[in-house]
Amino acid sequence: MATLQVMKKESRRLVAVELASDHGGVAHRRDLRARGVDRHDVRIEVDGGRWRADGLHTVEVLEVTREPVADLWRAVWESGPGAVLDGAAGLVAQGMTGFTPASIDVSLPRSATVRLVDGVTPHQRRKLERCLRAGVPRVVPEWATIHAAQWAVSDRQAALLVCLPVQQRLVPPSRLLDTGGVCSGHPAETSSAT
């Protein structure tokens, strides 16, 4: 019996380390369940100090070094169904350097139930633009650039958030101009931030 428990513990550890390594040090409870790690197993590891619950869906595996991308995964997983990174956070996930957002912007469908998460600013939208699903789910860079500029705290910051993705070749200028011509004013959204 003791040997079986040791084998289960080692198997659970290997699954968690593999999942967390793919997400910057965190794993989604759904993914753990799909690999045979149930809520009781999670509780055992959290109580043992090897993992840490980091929200309703997110588990930090302390054996894996936490990377900044873990905060982006957590923002998407914890904010509500259909959440995707948007604005400056979406651009950072795309590879933009030279800017650190004060808050992680996520967009969600208007019909989604939004959960408020520390450090995350949710935006409920009538229509989500095209999204990329490889890596952290995010709005395509041209729309993320437009939204980042619209949500900027100053004109100077808005200019920076347009220049950086273009200079770093994340968004071709022609595609940004085409996208900018489609939108008028602010995006159709409501901010759920308090």
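Arginine 12 touches Val37, Asp41, Ile44, Glu45 and Trp51, when residues up to four places away in sequence are not counted, a contact being defined by heavy atoms within 4.5 Å. The structure is a predicted model, in which local features need pLDDT of at least 70 and side-chain atom pairs count only at pLDDT 80 or more, whereas totals for chains, interfaces and linings use all residues. Residues are numbered from 1 along each chain as its sequence is written, and side-chain values use heavy atoms, with hydrogens and water left out.

Arginine 12 lies in helix α1 (residues 2–22); helices (H or I, at least four residues) and strands (E, at least two) are DSSP runs numbered from the N terminus. The residue is buried, with a relative accessible area of 7%, where buried means under 20% relative accessible area, exposed over 50% and partly exposed in between (1.4 Å probe, protein chains only). The side chains of arginine 12 and aspartate 41 are joined by a polar contact of 2.9 Å, that is, a pair of N or O atoms within 3.5 Å, of which, within protein, one must be able to donate a hydrogen and the other to accept it, residues adjacent in sequence counting only if both atoms are side-chain atoms.

For the protein chain as a whole, the secondary structure comprises eight helices and nine strands, and 44% of the 194 residues count as buried. Among contacts with a separation of 6 or more, 60% are accounted for by residues 24 or more positions apart.

Helix α4 (residues 69–79) has nine of its eleven residues buried, so it is largely enclosed by the rest of the structure; the buried residues include Leu72, Trp73, Arg74, Trp77 and Glu78. Just after α4, glycine 80 adopts a positive phi of about 145°.

Helix α6 (residues 141–151) is likewise mostly covered, with ten of its eleven residues buried, among them Glu142, Trp143, His147, Gln150 and Trp151. The axes of α6 and helix α7 (residues 155–167) come within 7 Å and cross at roughly 160°, the axes being lines fitted to C-alpha atoms, for helices over the stretch in contact, and the angles running from 0 to 180 degrees between N-to-C directions. The two helices α6 and α7 are therefore roughly antiparallel to each other, a description applied to angles over 145 degrees. Thr145, Ala148 and Ala149 of α6 make the contact with Ala158, Leu161, Val162 and Pro165 of α7.

Technical notes
Angles under 35 degrees count as roughly parallel, over 145 as roughly antiparallel, 65 to 115 as roughly perpendicular and the rest as oblique.
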